[in-house]
Amino acid sequence: MASGFMLSRGAASLGVHCQRLCRNISLSQVRGKKRWLRAYTAIMARKLKLEGAPPPTPRSQQPNWDYHAEVQAFGVRIQENVSPLPLRTAFVNPCYLRAEQQRRLGFGADAETTALSPEDNIQLSEKGASFTKSFLSDWCRASFPSLPSEGVESIVVHLTSTSLQSHVARNLGVDDLTLSAECPVPDEVLRSTLMAVIGALEDGSGAERTGFFLRDFLVPHLIGKDLFDMWSVVNPMGLLVEELTKRNIPLPEPRLIRSAGASTVLPLYFVGLYSEKKLLAQGPGETLVAAEEEAARVALRKLYGYAENHRPFDFSPPQQHQRPLIQSRSSN
């Protein structure tokens, strides 16, 4: 009896304590997103669809930008000790000078007042393009001595193409430093600026260091690239016969090795090329002619040393070489 009374009394006192405690706690509902956010987002999306994206703004017109510090940082980023003055000249394109002079003339000033002191990068660009073509040609001949001149020229054309060099320039941050009349910077202007940077490197760091720069940033784009994607050969079997004749090797004999699905809409044939009962190469194709051409391309890759399992390119640091890998062109 007494225990039941004490238990009911304790429960009652506990309930009173909980009521007092709950009076001091204020509960407020918190929403994860504001009510106006959905309507604002819909309005901005509709505005973007009607007006289009805003025009891009050059990095130089955005906050926290110091051009001289960025030029100096660019030289450190590519690990080249070059004076900032030729680098600044390499980034000045003639289209920027013309646009800037026209803008100043629009203010009503005379031609003498609006004359700009910086010089453009035309000479540096021509010098860099000449050095790049010469170095890449020498590098290809040294890396693939069996490759004919047409193949070497095709590889050089691929490595000096506007699309590839503008891609390299953007990944190096050249587009942020380029002074151009248009934004975003066109690919041709980026390529010209990159060639001017290479010309400035040749003047400041020398031909050997500039050659290593080209080897490190342009040559890696050959990795995984097929030779005949760069070099268009119309008649691979005729070229193979010509190469084997030069090497005094008997002419190849195509033979059907195996086939599958010959009576279906997706046939597959494997043709092998034999010379003196030795298998030179084999290739697949949907027709016998296509398989024979592919086998001829495989044989040519082996002859030229440009097969898929060829020796990896040498990208070791410059200090590990006792002498330059490629003899650069002599200065005029």
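**Notes on the aromatic cluster, a helix crossing and some backbone details**

1. Let me start with F313, which has a relative accessible area of 15% and is therefore buried, the cut-off being under 20%. Please keep in mind as you read that this is a predicted model. F313 will come back below as a member of an aromatic cluster.

2. A word on the overall make-up. The protein chain holds 14 helices and three strands. Of its 332 residues, 33% are buried. Taking the contacts between residues at least 6 apart in sequence, 61% of them join residues at least 24 apart.

3. How many aromatic pairs does a search of the whole structure find? The count is ten. One of these is W139 with F144, an edge-to-face pair whose centres are 6.3 Å apart and whose planes stand at 85°. Both partners are buried: W139 has 6% relative accessibility, and F144 has a relative accessible area of 3%.

4. F144 also pairs with F313. Here the ring centres lie 6.1 Å apart and the planes meet at 85°, which means that this pair, too, is edge-to-face, since angles over 60 degrees count as such. The two residues are 169 apart in the chain, and their pair links distant parts of it. F144 is located in the loop between α6 (122–143) and α7 (149–159), while F313 belongs to the segment after α14 (288–304). Together with W139 and Y306, F144 and F313 make up one aromatic cluster. I would look at this cluster with the side chains shown.

5. Two arginines sit over aromatic faces. R255 is placed over the face of Y274, 5.0 Å from the ring centre. R258 does likewise over the face of F270, at 4.2 Å from the centre of that ring.

6. Next, a pair of helices. Two packed helices are described by the angle between their axes and the distance between the axes. For α8 (residues 162–171) and α10 (residues 187–205), the axes come within 8 Å and cross at roughly 70°. That angle falls in the range from 65 to 115 degrees, so α8 and α10 are roughly perpendicular to each other. Their crossing is left-handed.

7. Which residues of α8 and α10 meet at this crossing? On the α8 side they are T162, Q165, S166, V168, A169 and R170. Facing them from α10 are D187, E188, L190, R191, L194 and M195.

8. Some backbone points deserve a look in your viewer. Most residues other than glycine have a negative phi, and most peptide bonds are trans. Against that background, C183 and P184 are joined by a cis peptide bond, with omega about 0°. P184 is in the loop between α9 (174–177) and α10.

Notes: Residues numbered from 1 in each chain as written. Predicted model: local features only at pLDDT ≥ 70, side-chain atom pairs only at ≥ 80, totals over all residues. Heavy atoms only, no water. Phe/Tyr/Trp six-rings, centres within 6.5 Å; stacked < 30°, edge-to-face > 60°. Buried < 20%, exposed > 50% of the residue type's maximum accessible area, 1.4 Å probe, protein only. Helix = DSSP H or I, 4+ residues; strand = E, 2+ residues; numbered from the N terminus. Lys NZ or Arg CZ within 6 Å of the ring centre and 35° of its normal. Axes fitted to C-alpha atoms, helices over the stretch in contact; angles between N-to-C directions. Parallel < 35°, antiparallel > 145°, perpendicular 65-115°, else oblique. Left-handed = near helix turned anticlockwise from the far one by under 90°. Contact = heavy atoms within 4.5 Å.
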